[in-house]
Every structure is written in structure tokens, then in C-alpha cells.
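Me: I am new to this structure. Please take me through it in short questions and answers.

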Amino acid sequence: MNINFKFLLLGTSLSLIPHYAMAQCVETDCLKLGYTSLQKCDNGLKCPFGEYWACPKVEEKAVLGECTGYAKNCFIGQILNNDGTCSSDKVSGKTPIGVVVYIGGNCGYAMTAAPIQTGIQWSLEYINTGASQSSDWKQTIQDFNVNSNMTKIIQAGNSSTYPAAYAALNYAPSAASMTKGKWALPTAGILNSLYMNLNVINNTLSKIGGMQLVNHNEHIWSSSEANSVYAWYFCTGSGASGGGVNLTYKKSAGIEGISFGVRPVLAF
């Protein structure tokens with residue numbers, strides 16, 4: 001009887017050991033458990049062993065109209081959505097506002113899927129506005145001074161004298177109305193990037209119901225000047241180097257039945 005009782009006690013004590021060991025191994029370090037924020041956050045979980053919080057991952061987004069570095073997450077030919085994200089296809093709940101046509105350094109630029117105005121002149125006067133100026137194709141395709149060019153043109157006159165620039169300035173899609181005043185005429189450098197990536201950009205334009213650039217069907221004004229009389233524009237046909245950008249009179253609204261139009265770009 002005593003022997004049996006001893007074995008019973010021994011068995012009972014041994015059965016407690018695993019539970020004791022398990023209790024001793026419970027992790028109580030909040031950081032190791034994934035609670036890494038010292039700030040309380042929406043929909044977050046507080047660590048039961050300290051003051052740390054586990055916060056849901058926030059989707060990285062661009063600040064529309066500003067170059068904050070988000071563009072490094074995107075590539076040419078993607079869609080820029082109204083919430084500041086890039087995507088390769090349309091996403092439910094998001095509205096495309098443009099197609100990425102250039103990424104460089106800390107900045108990206110997206111262009112509207114269709115012209116916002118056609119049959120429009122660059123200007124109604126022949127003067128130097130102070131915008132980037134070159135009559136040499138190799139030099140002008142290095143022009144990416146979007147903000148500087150727009151500022152110079154806008155300061156040179158009003159919507160009557162510089163209709164193309166003001167059309168861009170006053171544009172904003174309904175899905176991103178807060179971007180009004182942030183759209184601009186593309187530079188010759190950005191239009192050259194458009195030409196060099198035309199196939200992938202046209203594919204994306206078709207995805208979002210935009211107007212593809214094919215068969216020399218459209219001319220797009222840039223903000224780059226050649227001199228007081230000429231400005232640079234985009235075309236899919238023969239250009240100064242076989243395509244991309246070419247020169248024409250600032251007062252021209254079209255060539256050979258093809259209207260000059262405005263497809264503004266937005267920084268992100």
C-alpha cells in the first residue's frame with residue numbers, strides 16, 4: 001500500500017513538470033512578439049506585457065503633386081491611382097488618374113489617359129518666357145524642369161495668351177480634385193520618355209479606357225521652348241531625330257489636320 005502510494009505521488013509530481021516548464025517558457029518580450037510601436041494606433045493591439053502596440057501595416061502611398069520618393073515603388077507604364085498608389089491593373093475601389101510616363105531620382109510623373117483639350121495654341125505671342133530653351137534636340141530631351149517651366153510660362157501672361165499651360169494648370173480629375181493647380185505641361189524630356197516607352201504606355205491606356213497614341217494621331221504640347229517663336233511637341237511620326245519630339249510655331253493649333261492637344265502630367 002505504501003509503495004503504491006509513493007508511485008502515485010511520483011506520477012503526480014512528474015505530470016506537473018511539463019506544465020511548469022511550459023509556463024516558464026512563455027515569451028513576454030513585447031518586441032519579440034511583434035509589438036513594435038510605442039504609439040497607440042487605429043485598429044492596433046496592445047501588448048499584454050508592456051506599453052508596446054502592434055499596428056496594422058499601412059499601405060505606402062504617394063503625395064499627389066509632390067516628389068516624396070514613393071516613385072521608387074513604381075515603374076513606367078503603371079497606373080497612378082487617385083489614392084496615390086501605383087498598380088499594373090485597375091484595382092477595385094481605386095480610380096486611375098494617369099499613366100506613369102517618367103521616373104527619375106526622387107520623382108515620377110503620370111500623364112492623363114486622354115487629352116484634356118485639343119486644337120489649342122501654345123501661346124498667342126512670340127516672346128521668350130524664361131522656360132527651358134534649346135533648339136537642339138539632344139539638349140531639349142534633357143529638360144525635366146517641369147515646375148520651373150510652368151512657373152515661367154504662367155508668370156509671362158494669362159489664359160488668353162498662354163492657353164495650353166493654363167489648361168494644364170486648371171485641370172483636375174473629379175476623383176482627385178485636390179490636385180488642381182498641380183498638373184503641368186510635360187517637358188520635352190518627359191515626352192521623349194513617353195516615346196521611348198510608347199508600347200507599354202499604350203497597353204496601359206487601353207486597360208483604363210484611355211486614348212492610345214498611334215499612327216501620328218495626336219500632337220502633345222511640351223513646356224520646353226526652342227526660342228521666342230517655336231516650342232517642342234510630341235508626335236509618334238517623324239521628329240527631330242526620327243520621332244518623339246519636334247518643333248512647331250507656338251501659335252499653331254494643329255498641323256495637317258492633326259490638332260495640338262494638352263495631356264498634363266502630375267508629379268508623385
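Me: Which residue in β5 does L80 stand opposite?
Reply: This is a predicted model, where local features need pLDDT of at least 70, side-chain atom pairs count only at pLDDT 80 or more, and totals for chains, interfaces and linings use all residues. Residues are numbered from 1 along each chain as its sequence is written, and side-chain values use heavy atoms, with hydrogens and water left out. Three bridges join β3 (residues 79–81) to β5 (residues 96–104), and the two strands run antiparallel. In β5, the residue opposite L80 is G98.

Me: How are strands and helices assigned, and when do two strands pair?
Reply: Both are DSSP runs, numbered from the N terminus: helices are H or I with at least four residues, strands are E with at least two. Two strands pair if DSSP finds at least two bridges between them.

Me: What is the strand order of the open sheet of six strands?
Reply: Pairing in this sheet is antiparallel. Its edge strands, β4 (86–87) and β8 (183–184), each pair on one side only. The order is β4-β3-β5-β6-β14-β8.

Me: What angle does the direction of α6 make with that of β5?
Reply: Contact means heavy atoms within 4.5 Å. Axes are lines fitted to C-alpha atoms, for helices over the stretch in contact, and angles run from 0 to 180 degrees between N-to-C directions. Helix α6 (residues 198–207) packs on the sheet and touches β3 and β5. Its direction makes an angle with that of β5 of about 165°.

Me: Why is β10 largely enclosed by the rest of the structure?
Reply: β10 forms a hairpin with β9, with four residues between them. Six bridges join β10 to β11 (residues 244–249), running antiparallel. β10 is largely enclosed because its buried residues number five of the six.

Me: Which residue in β11 does A231 stand opposite, and which in β10 does I220?
Reply: I220 stands opposite F234 in β10. For A231, the residue in β11 is T248.

Me: Is S193 buried or exposed?
Reply: S193 is in helix α5 (residues 188–196). Leaving out residues up to four places away in sequence, S193 touches I76, V101 and Y102. Its relative accessible area is 9%, so S193 is buried.

Me: What is the relative accessible area of S123?
Reply: S123 is in the loop between β7 (117–118) and α2 (137–140). Not counting residues up to four places away in sequence, its contacts are T161, Y162, P163, K250 and K251. S123 is buried, with a relative accessible area of 0%.

Me: Over which residues does pLDDT stay under 50?
Reply: pLDDT is the predictor's confidence in each residue, from 0 to 100. The chain mean is 88. Where pLDDT is low, the predicted coordinates should not be read in detail. pLDDT stays under 50 over residues 1–23.

Methods
Buried < 20%, exposed > 50% of the residue type's maximum accessible area, 1.4 Å probe, protein only.
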